[in-house]
Structures are given as C-alpha cells and as structure tokens.
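Have the model open as you read.

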Amino acid sequence: MPAAPLAMHPLAITAFTATTAVGRGVASLAAARDERRSGLVPNDYTEAATGVALSTWIGRVAGLEDVRLPDEWQALDCRNHRLAWLALQQDGFVDAVRAAIARHGASRVAVLVGTSTSTIEASEAAYRHFAQTGQAPSAFDDPALHHLHATTAFVRDLLGAHGPCATVSTACSSSAKVFAQAARLIATGVVDATVVGGVDSLAAGPLFGFHALGLVSSQPCRPFDARRDGISLGEGAGFALVERSGAATDPLLVGYGESSDAHHMSSPHPDGLGARLAIEAALARAGVGHAAVDYINLHGTATPKNDAVEAAVVAALFPPTLRASSTKGTTGHTLGAAGIVEAVVTLIALRDGIAPGMRVGVSTDPLPDDACGPQIRFDDAAHPLGIALSQAFAFGGSNCVLAFSRDIDALRAARSR
Amino acid sequence: MKPLRVAVRGIGAWAPGCAAWPALRDALRDPGFAAAVDGPRRPSPALLPPAERRRVPDGVAVALEVGREAIAMAGPLATGSLASVFASAHGDLAIVDYLCATLAGDPTLLSPTRFHHSVHNAASGYWGIATPSMGPSTALAAGDASFALGLLDAVTMVVAESRPVLLVVFDTPAVGLLARVAPNTALFGAALLLAPAGTADDAPVLTLSIAPRPSTIPSTANAAFHALCGSSPAARALALLERLAQADDTTVDYPMDDTSTIALHVGPAAPPDATAAAVIE
C-alpha cells in the first residue's frame, strides 16, 4: 500500500440541494427526518412503464410527470432531465452557480455529474415503441438524448458553465466520486469551482436487473435490521457547488478516499478491506483521527451482506460514541445519485446538529442486527456535530468515502483532538 | 492554469488490424496502412483465467488487454494500489442493446450476469479483480470528448496525488437500434500508464493545458485511422498515439466543448522538475 495521503486544502461547499422521494430541496429531507417519514411507496412504476408488475417498494419523486422543461429543451425531454431540472430549481442553486460563474469566469467552473443509467429510460421507451410498431420513434434520432453523458451535458448547458464536463458512472459511488475529482481539478489549478451532482431517475433496467440478482426486497427496505432482505430502489438528484474558498461559516469538503474491493462484481469484500482503505484515506486527507468523527452516513443498502460488512467495519474502526445511520429507508437506494443525496443529508446533519436515525420499513420498530455495534443508531439525536463522513460502496467494488466539516472552526478543533 | 506535466511510461492498444501497441505504432507511421479484413474480432484478455476470457463482454476484454500491455511496458510496477481511469462514451453497446430489447419483450427474462455487465464500471471492476488492484478506479463518459476528459481526469490525479495512474479508453461497435444514435463501428481500446514527470528518465513527457478556443477533431496522417477518429470517440486517442509514435516535439488539440480545447504537447524525456510534484497540501 502507498503512504497515506497528505492532508488536503479544505474546499468550501457554497451551495447544495437534493430532491428525492420525500420532496423537493433540503427542507424536505430535514422535514422527513423530523416527522420520521419514509418516502417509500408500493411499486407502481414498472407496470405503467413495461406492463409487468414487480412486487417491491420504490422511492418515487412525486410530480415528475407534470414537470415541463423550458421550450428550448423540449427535444431532450425525459424523466431523468425533468428530475435534473427540478432539482436545480431548489434552494437557490442555479443563482449560486451563476454567481460563481460571474466571480470566476465560465471556463473556470467545471461540471461533474454521477449517474448509473442517465437517460436509459428514454432508450427503453424507444425500444418498446419499436417492438410494438416496428418503427423507432422520430425523437430517437436525437443522439444528444441517448447516451450516458446526456444529462451532464444538459446540466452544463442549463447552467452556462464552460469548464471541464464529465459524467462519472461507477454505479452507486458515482456522485460521491465527483467530489474527489472536483478536489483534484481545483488542486491542480484547472478550475476554481466545480458543480458536482448526481441524477438517476427510475428505469426498468435497474428494477428488473437488481430483481434478477435477488437483491430487491418485496417490502420497504430495512437497513441494519435483523429482518432485512434487500434494497428498495429510489430516484433522486442533488447538486453541490465546491469552491476553492468561501465564507467562514460554509461547510467544508475536508477529505476523500477511494478504493476498489478487487473481490467480486456484485458482492462486497467479506472483511470490508476496500471500505477500510477508503475511510483511512479520507481521514488522512482531512488530517483528523477516528475519534474526531461525530457522524457517519452509511451506505446501508439493506442487503444482508452490505450491512453486515459495513457494521463490522464501523465497529472495528470507530469508538462507541460515534453516531451512524443509513438514509436508504427514507429515500430508497438512488443508485448513481446516492452519493450526492447522502452527502446532502450529511451536510444537513452538520448544519442542524442532529444526527439522523433510520427508517426501517414505513412504520415498523427496528430490530437491530447482531452485527451492529453501538455506533449504528435508529433514533435521531440532537448533538453538536463537527466532522462527518458519507460512505458509498458500489457494484464492481468501487468505494468512495467523503469527509465534511461543519465549518473551518470545527475542522481546527477536530485536528487538535 | 499552470500546464500539467506527466510521463508516459506505458502504452497499450487494440485497433482493427493492430493487436498491440508495436503493430499500431508501425501502422501509424505508414500513411498507406489498411487493416486486414480477416483479423481477430476481439482480443483475448490474458489477465483472466482461460475459462472467463470468452465470457466477458467486448468492452471488458479490450480494456483489460490494453491495460495489461501498458503496465507490462512500464516494467516492474506495484499494481496492488495502482489507480485507474476507464473512459468510454457508451460502454458496451451490445449489452445496452440486449438490456433494452429484453425489457421491451419480457423484462423478467433479464439475465443477472448481463445486468452486472451493463454497469459502466464493469471494466473497472474486472480490472481491480484481475490485476488485482485495490487502488482508486473511476469509470467516466463525456460523449465525443470522452478520451480528452478521461485524460484530464488521469493527469490531474497523477499531479494532485503524485501517483501513477492507468488511463484506459475503449468503444464497442453499435448494435441494433442504438446504431442510429451511436456511430461507433469498430472495437477500439488504448491505454496510457501515466506517472509524475521526472520519475522515469526515458519516458516521453505529456504537457496538458486548457485553451479558451475551439478546435476540431484531431487528425491522423493515415486516412483509415482518421475515419476511425470520426466514428469512435475512444479512437480519437489515435491522434495522440500518432504523436507518441513520432517521439518528436509535437502538439495536438482535443475539443473539450464548443468553446475550449485541451491542448497537449508531447516531448522527449525531460529532467526532473520539482514544481510538478504534489500540489495538494
């Protein structure tokens, strides 16, 4: 293994937002926490889209069917772009980016978006149209709609940024890894700011694909619960504006760690070795010790294997005072958007001084798994939080852990602990 | 921005008629080169156990094989923590076509193996398992600029983290309905093992900067390869590979979008430059 990375220059998060099954914008996630509300509902998506029912629960963003893109973007209309557009309208995010472009220049602002399936729903619909009529729909001839980078290019064009623009697609770690890339683009002087984000709308491919792998629960998912039996898929989108410097009160990206499991395409390393490497690298870049971490937003998919391995890693590395929880019972697993949605949940926790608990099922009481140490919490706790991690562990063994600080004072305090 | 400098320590390639970098290097020096029509359809990825070599999709096969060639050329190298970047505009189009066609028929027949092959990071995942490497690995796409943005991602990682990074870029031929929206016609893959400048005495040095001006698709002297640059985003790597084959001071531009360009300079090995070391503090 290489030497531990040096501490990195902390970067300001000057704006952030997320839209999920519990609603639009940051306030909806805070309200769902306070109301102990899950956004999961019985799956009505696959039957409407494909004619085939699938018995599971999903985290569906309400009202996407009624979102209308501005006229100049109608050729690119699809569920993923409606979700991206809707998410960008929340929390003053577009205005914050335009102000950053005015400060730095459009060519000094990059756009990096994570997604696992991008606009595949539009391609799936075109194939269905072809199967039923023998002809592809005329809109299928727009190549700008049918590729993995489509949504990222759409977001860049909406925002008017002209810096480097790329789509990261490492399954469920996609929109966590964009923070690491943003840090490198800023550290090397390529740009001064980066819009990072993730967008993944519901599509038949992941629903039937994860079902074929036997990883989908027929009930609302129950992370870290002894009765858990699989994931609930969700859709979501979120964005953050990462800048070289900001106000003294801005939250900070203070570290990142990436690794590969080198073990199996769809099953985690049994000892969580890749997860540990990513956690250690994130802490080394943050320049803080394990005891300085107040909260971890876990990957916590509610598959039997992921949660057992992740709970054991947390129990081995962190003191019992740590508070750790998963967001999947609230939003569902938003795949390529999970990294940004859960980074936003982590930033809300730091802002509010509330370590969120977990929803297991829509209205059931938790039955903690034996693998859970005292770090895994099902109840909310009001508690000043200085440093928090957000963990994403993906298909293909792609791991990414992000470290955030409430503000610069909290980072200084943590580094001296 | 200050130009970013990296050493090119290894090269791997697979293109129609050229099963490895030495063959492609010779072909790039020959303006009249034309690929034989009866060449192998895809490489056999030597990193995998023999039974698995035929089972993986084309994109994974070509990515693993060009990556293996690039690190072999660099000589002894600790691969256990080697970082990697896999860039592809569309991933594996045959798998995407299968997925969409199956979902349009009977979605319950979807193969779990083909589903896990459909993730864009399939090649990245197989690479980690096969080498084996637990280093960071990214899979990205940027449309027609996928090679240029993959290169930028790898170069910024080399410079920011002072570590070698393997860049792999690949495209697969379009299949079925998708052929209408993706012009890819050929299987193509290339790999560059990049390292901090000054760490390898005899390796050519690549200098990258971003220029606020438009540019056009970079060209190669050979007409067949030039046509490939136009139809496969990954094959645009051929323009840089041609300059690397010449081993002279030379430049090549890659459009990043309609308004800006990733400008590359290729030069012979340069003396160590302390200022190119770690930037993250």
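## A strand between two partners

Val109(A) has Ala193(A) as its bridge partner in β7(A). Strand β5 (residues 109–114) of chain A and β7(A) run parallel, joined by six bridges. (Strands are DSSP E runs of at least two residues, numbered from the N terminus, and two of them pair if DSSP finds at least two bridges between them.)

This is a predicted model, where local features need pLDDT of at least 70 and side-chain atom pairs count only at pLDDT 80 or more, while totals for chains, interfaces and linings use all residues. Residues are numbered from 1 along each chain as its sequence is written, with chains lettered from A and ligands numbered from 1 in the order in which they are written.

β7(A) also pairs with strand β9 (residues 236–243) of chain A, this time antiparallel and over eight bridges. There, Gly198(A) has Gly238(A) as its bridge partner.

## How covered is it?

Strand β7 (residues 193–200) of chain A is mostly covered, with eight of its eight residues buried (20 or more other C-beta atoms within 10 Å of a residue's own, C-beta atoms being placed from the backbone). In a regular strand, side chains alternate between the two faces of the sheet. Here both faces are covered: one has Ala193(A), Val195(A), Gly197(A) and Val199(A), the other Thr194(A), Val196(A), Gly198(A) and Asp200(A).

## Over in chain B

Helices α3 (residues 58–73) and α6 (residues 122–130) of chain B have axes that come within 9 Å and cross at roughly 50°.

Technical notes: Axes are lines fitted to C-alpha atoms, for helices over the stretch in contact, and angles run from 0 to 180 degrees between N-to-C directions. Helices (H or I, at least four residues) and strands (E, at least two) are DSSP runs, numbered from the N terminus. A residue is buried if 20 or more other C-beta atoms lie within 10 Å of its own, exposed if 12 or fewer, and partly exposed in between; C-beta atoms are placed from the backbone.
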